[in-house]
Amino acid sequence: MTGLKGSLNGPMLSLLLGTMFFGLALPFPAQVHVERSQDGKIVVTDQDQGGQRVYGPQGATLVFRHREHRLEVFDPSRQAWIAAPADYPMVQAGQQLLLASGPGVEGSAVYDLSRHAWVPEFDGYNQGAVSDRFAVGFGGPGRIGLYDARTGRWQSPNITGEEVALSDHLVAFYGPSSNTNLYDAQRDTWMRDFSSFSRCTLGERIAVFYGPPGNNTMAYDEERATKTTLIEPVDKVVVEGDLAVVVGPRQHACVFCAEDGAWTEYRGDARHIAVRDGQAMITGSSGDLWIYVPGRRTFEKIRG
């Protein structure tokens, strides 16, 4: 998964505010019709507003609208429009979370579908990203904000980041002018590195940071909470399970195996890289197909 394109705060205070400003439910049980359009978007038709149709982002469950100077999100479980604390101009909508913020409005808030509530935060943001579990606000005058739906709390780490990437358990902050920071939600810990990278690929277990200005490549293993550096730049990364395959500008390929805890070099030019059925595969310049053998840290030719 690639990256998506603070100040008085505190998790307990945010949680208290979340219970105070959970939003006003505006129920229209007989007038609201919900359907999914052919392109995958959620469509809410509000007959009470003269048949107004509101379209949500493609694949998203949460639909929003700006009505009478107030942002509202449609909660499909409650069949109601839930008013936000303010009319936030920036909205990032996902299937479970909706992040609302933006310039000109004080603070920000996230709508958590599992709690059927708005959870406010004091800081405001100009950019954001959401997944089913996390909402991230950044690019504002204060600290980065990170909301975890499992805990229902915000945190504001003292870090910087120009880009963000999200998976089920990991949140990565990085950028060509920033240090690299990764939040491991399984351990509730941060991994920090002084290297700068312009790209990140996240899997369920492995995160790989790469791209200029960095002249190296770094893999983080979420299960072991370890980082392993490859002293070589790469420009293409494939991550799946406990394996990552990378190739650099000179067609030099390497495999990171989390079980081995190491990078292993493929000796030869690589034409194609892939991970299929739990196997790291490299196609050589002559068309030969090689697979990585965990434990032995070698490559075995299976075709050619």
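**Exercise 1.** How many residues lie between β27 and β28 in their hairpin, and which residue in the turn has a positive phi?

*Solution.* The model is predicted, so that local features need pLDDT of at least 70 and side-chain atom pairs count only at pLDDT 80 or more, while totals for chains, interfaces and linings use all residues. Residues are numbered from 1 along each chain as its sequence is written, and side-chain values use heavy atoms, with hydrogens and water left out. Begin with the strands, which are DSSP runs of E of at least two residues, numbered from the N terminus; two of them pair if DSSP finds at least two bridges between them. β27 pairs with β28 (residues 279-284) in the antiparallel sense over six bridges, and histidine 272 has threonine 283 in β28 as its bridge partner. Two residues lie between these strands, and aspartate 277 in the turn has a positive phi of about 50 degrees.

**Exercise 2.** Which residue stands opposite cysteine 254 in β27?

*Solution.* β26 (residues 252-257) and β27 (residues 262-276) pair in the antiparallel sense over five bridges. Cysteine 254 stands opposite glutamate 265. In this hairpin, with four residues between the strands, glycine 261 takes a positive phi near 65 degrees.

**Exercise 3.** Which residues does valine 73 touch, not counting residues up to four places away in sequence?

*Solution.* Taking contact as heavy atoms within 4.5 Å, valine 73 touches Leu62, Val63, Phe64, Ala80, Trp81, Ile82, Leu98, Tyr111 and Trp118.
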